[in-house]
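Here is a friendly tour of one protein model, written for someone who likes to see the geometry spelled out. Please keep the structure open as you read.

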Amino acid sequence: MPLEIIRIPALTDNYIWLVHDPASGDTVVVDPGEADPVLAEAAARGWRIGQIWNTHWHPDHTGGNAAIKEATAATITAPAAEADRIPTADRLVAEGDTVMLGDHAATVLETPAHTAGHVTYHFADGALLFPGDTLFAMGCGRLFEGSAGQMHANLQRLAALPPETMVYCAHEYTLANARYALSTEPGNAAIADRLSEVELARMNGLPTIPTTIGEECATNPFMRAVSVAQFAERRAAKDAFPG
Ligand code: ZN
Ligand code: FE
């Protein structure tokens, strides 16, 4: 049975992902920046949260850890390299580790740069990716604790995943990203079309996430950067881009 995935809008522009395995009955919440909407959603569905997976230590991804753990006794999986910043963690993971949701295995990919220990969770079977703040729709995370070279390598690695891979980003940043993307590649029709779609969706209050690896390869200027230098130039330009 496929996993069921529910989007929970939280804080200003975060998405928290609730992933339920109907076969085992286990449920994991990915990057709970807050607890209340997560506990409410799980209760409404009759799902018991057994696990929390964190991609990185930022409070908008871990702020709900303690309260969810207290309410559900969920175990918390977090990057080993950020153990000191995620004191609620029960299991520490690093590159190549496997985390299970029922019989579904997710591989841990180290994707440092937004934070030094940032990880991405990848279900190869089922083609699902939880990249936290590494990959966004038409964008990528800011380089708070790492280099352009690291982020470029992360995105090249994710770009090599099957194009149908569903990408569950942690923020709704797509409209601002799309505007910057079109300014970078004004002749790219796929970007222009996607900007129109995103404008319409956001005008109607609709989410633009999940995305797919294939869509990102076609329209994400950071994924499409052909060198570290070009990536670095685009990342700096986006940081200074209005809106
Ligand atoms: Zn972050
Ligand atoms: Fe974040």
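Predicted model: local features only at pLDDT ≥ 70, side-chain atom pairs only at ≥ 80, totals over all residues.

## The iron site

Donors here are N, O and S atoms within 2.8 Å of the metal (3.2 Å for Na, K and Ca); water is not among the atoms, so sites may look incomplete. As for the cut-offs, four donors count as tetrahedral if all angles lie between 85 and 135 degrees; four count as square planar and six as octahedral if opposite donors are over 155 degrees apart and all others between 65 and 115; anything else is irregular.

The zinc ion (ligand 1) has His 56 (NE2), His 58 (ND1), His 114 (NE2) and Asp 133 (OD) as its protein donors, lying 2.2 to 2.3 Å away. Along the chain these donors follow the spacing H-x1-H-x55-H-x18-D. The zinc site is irregular too, with angles of 87 to 173° among its four donor atoms.

Which residue bridges the zinc ion (ligand 1) and the iron ion (ligand 2)? That is Asp 133, and the two ions lie 3.1 Å apart. His 58 sits in the loop between strand S4 (48-53) and H2, and Asp 133 in the loop between S10 and S11, so the pair ties together parts that are 75 residues apart in sequence. Helices (H or I, at least four residues) and strands (E, at least two) are DSSP runs, numbered from the N terminus. Asp 133 is buried, with a relative accessible area of 3%; buried means under 20% relative accessible area, exposed over 50%, partly exposed in between (1.4 Å probe, protein chains only).

## Helix packing

Helix H5 (residues 174-184) and helix H8 (residues 228-239) pack at about 125° with their axes 11 Å apart. That makes H5 oblique to H8. Axes are lines fitted to C-alpha atoms, for helices over the stretch in contact, and angles run from 0 to 180 degrees between N-to-C directions. Under 35 degrees counts as roughly parallel, over 145 as roughly antiparallel, 65 to 115 as roughly perpendicular and the rest as oblique. The contact (heavy atoms within 4.5 Å) involves Ala 176, Asn 177, Tyr 180 and Thr 184 of H5, with Arg 234, Ala 237 and Lys 238 of H8.

H5 also packs against H6, at about 155° with axes 9 Å apart. That makes H5 roughly antiparallel to H6. The axes of helix H4 (residues 148-159) and H8 come within 9 Å and cross at roughly 105°, and H4 and H8 are therefore roughly perpendicular to each other.

Leaving aside neighbours within four places in sequence, Tyr 180 contacts Pro 221, Phe 222, Arg 234, Ala 237, Lys 238 and Phe 241.

Glu 185 is in the loop between H5 and helix H6 (189-203). Glu 185 counts as buried at 15% relative accessibility. Not counting residues up to four places away in sequence, Glu 185 touches Ile 191, Pro 221, Arg 224 and Arg 234.

## Backbone details worth a check

A cis peptide bond joins Ile 209 and Pro 210, with omega about 10°. Pro 210 is located in the loop between H6 and strand S14 (211-212).

Ala 127 has a phi near 55°, a positive value in a residue other than glycine, and Ala 127 is buried at 13% relative accessible area. Met 138, not a glycine either, has a positive phi of about 65°. Met 138 is buried, with a relative accessible area of 0%.

Note on methods:
Residues numbered from 1 in each chain as written. Chains lettered and ligands numbered in written order. Heavy atoms only, no water.
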